[in-house]
Amino acid sequence: MPRPAHHADDSATLFQNPWQTPEEPAGDLNTRSSSSSTNWLWGLPALLGNIPIEWAKDLAGHNQSLINVVKPDFDASDTSKDAVKATWLGHASFLVEFPVQEDSEPPIRVLFDPIFSERAGPSAWTGIRRRLPAPCSIPELPEFNFVLISHNHYDHLDLPSIQEIFRIRGTDVVFLVPLGVKSYILACGIPTDQVHELDWWDEISLPAIGSSSPELILNFVCVPAQHTSGRSVMDKCTTLWCGWAVKQLTTTATQLGARIYHAGDTGYMGTNGACPAFGEIGERCGPFDLAMLPIWRGGTLSFVSQLGLRLTHHPLLSAMHASPADAVAIHRAVRARHSLGMHFATFAGTDVEALEPIIELMQAREVAGLRDWMEIGGIGVVDVGRTVEIRPSGDE
């Protein structure tokens, strides 16, 4: 059997984007500033010489507001049990609660890419620092059943958060990760039977631990993303990256099973145009009641904005990180009824860098003729800590 196109070797220990993307300078933008080594600094002038930089924009004339951090009120919407409830916890982290199918059953919740640490890096003293605090602590979260990780970059796989989750939830939580990431979870002391490792397009249906109810089963599909992986300059692309499509399985024709999509961290444009994976995700797993889409780069190059500069949407960066306009295109390609922007503001270097993605998203949304996230077919942003409610459509 031929190896999948996204496998770069026969042992599933090296991966690649199967669509043509711009060549990256030596090293990885996502691991350079996260590495404990400072050798990457010597290559910084050459790196920045490949990426157009300009003076930061003057955003004084725009009426959009910065993202705030609010304390989540997880009990405020207890009466609306027929809705998907998604709480943005900052960066790419979301807690999603699925509709309750039976009043006697507890809700089933999924936690995506949790990061509660002050820094995204190899230690508590290195790596990029948060601009926005986490809206709550892990012990303050309501009970959740699954933790899904998109890839092993420090701002998506935060091992202190994983360790704290296991300390609190113990054997009552299951972790789903892409190929190669399971070893990180096991190193936190988590038993192997609580961790499932998947390749692109692998799927698995799982009940909430301790439940025998068929109403508490979710179907998880590990879907493609256009990105990279690595936690140092030595392990680039040795583990897989992905997004997640999650469907609530139902037992009767009258029940509406919710579908959600978390894109992880992904680019959209390649050398030959748009990445075809998103249309395939929409066809195979959509339509989605809710999609969570990245709209900006991570904080690795946030120091650029601290210098009063900005990075343009260079093809190299756009191949790995979706712009707001790209997010609008992904929203349409995956057939999302509602989409929320993520992966911005939390690790931004300045207020200007935190505000620019919001302004660009509003502009791209207007060009596309779309409305805000609460309208069907809409896309937008919310404050960190806010919970949104969306009733599933049941459409196929």
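The side chains of D372 and R365 meet in a salt bridge, with 3.0 Å from N to O, where a salt bridge is a side-chain nitrogen of Lys or Arg within 4 Å of a carboxyl oxygen of Asp or Glu. D372 is partly exposed at a relative accessible area of 25%, whereas R365 counts as buried at 12%; buried means under 20% relative accessible area, exposed over 50% and partly exposed in between, with a 1.4 Å probe and protein chains only.

This is a predicted model, in which local features need pLDDT of at least 70 and side-chain atom pairs count only at pLDDT 80 or more, while totals for chains, interfaces and linings use all residues. Residues are numbered from 1 along each chain as its sequence is written, and side-chain values use heavy atoms, with hydrogens and water left out.

**The chain as a whole**

The chain has nine helices and 20 strands; helices (H or I, at least four residues) and strands (E, at least two) are DSSP runs, numbered from the N terminus. Of its 396 residues, 59% count as buried. Among contacts between residues at least 6 apart in sequence, 71% join residues at least 24 apart, contact being heavy atoms within 4.5 Å.

**Salt bridges**

Side chains of opposite charge can pair when their charged atoms come close.

| Pair | N to O distance |
|---|---|
| D351 and R131 | 2.9 Å |
| R167 and E164 | 2.8 Å |
| D372 and R365 | 3.0 Å |

D351 counts as partly exposed at 44% relative accessibility, and R131 is partly exposed with a relative accessible area of 24%.

R167 and E164, by contrast, both lie in helix α3 (residues 159-169), three residues apart, which is about one turn of the helix. R167 counts as exposed at 58% relative accessibility, whereas E164 counts as partly exposed at 24%. Elsewhere, K85, E97 and R109 are linked in a network of salt bridges.

**Helices α8 and α9**

Two packed helices are described by the angle between their axes and the distance between the axes. The axes of helix α8 (residues 324-333) and α9 come within 8 Å and cross at roughly 45 degrees, and that makes α8 oblique to α9. Axes are lines fitted to C-alpha atoms, for helices over the stretch in contact, and angles run from 0 to 180 degrees between N-to-C directions; those under 35 degrees count as roughly parallel, those over 145 as roughly antiparallel, those from 65 to 115 as roughly perpendicular, and the rest as oblique.

From α8, the residues P324, A325, V328 and R332 meet P357, E360, L361, A364, R365 and A368 in α9. By class, this contact has seven nonpolar, no polar and three charged residues, where Ala, Val, Leu, Ile, Met, Phe, Trp, Tyr, Cys and Pro count as nonpolar, Asp, Glu, Lys and Arg as charged, and the others, Gly among them, as polar. Within α8, the buried residues include P324, V328 and I330.

F288 is found in the loop between α5 (277-285) and β16 (290-294) and is buried, with a relative accessible area of 0%. Leaving aside neighbours within four places in sequence, F288 is in contact with residues including A245, Y261, I281 and R335. F288 and Y261 are 27 residues apart in sequence and 6.6 Å apart in space, C-alpha to C-alpha.

L111 lies in strand β4 (residues 109-112) and is likewise buried, with a relative accessible area of 0%. With neighbours within four places in sequence left aside, the contacts of L111 include L89, F94, F146 and I165. The C-alpha atoms of L111 and F94, which are 17 residues apart along the chain, are separated by 5.8 Å.

**Backbone features**

Most residues other than glycine have a negative phi, and most peptide bonds are trans. A cis peptide bond joins G286 and P287, with omega about -5 degrees, and P287 is found in the loop between α5 and β16. Just after α8, R335 takes a positive phi of about 65 degrees.

H91, in the loop between β2 (84-90) and β3 (93-97), has a positive phi near 55 degrees and counts as buried at 1% relative accessibility. W201, in the loop between β9 (195-198) and β10 (203-207), has a positive phi of about 75 degrees although it is not a glycine.
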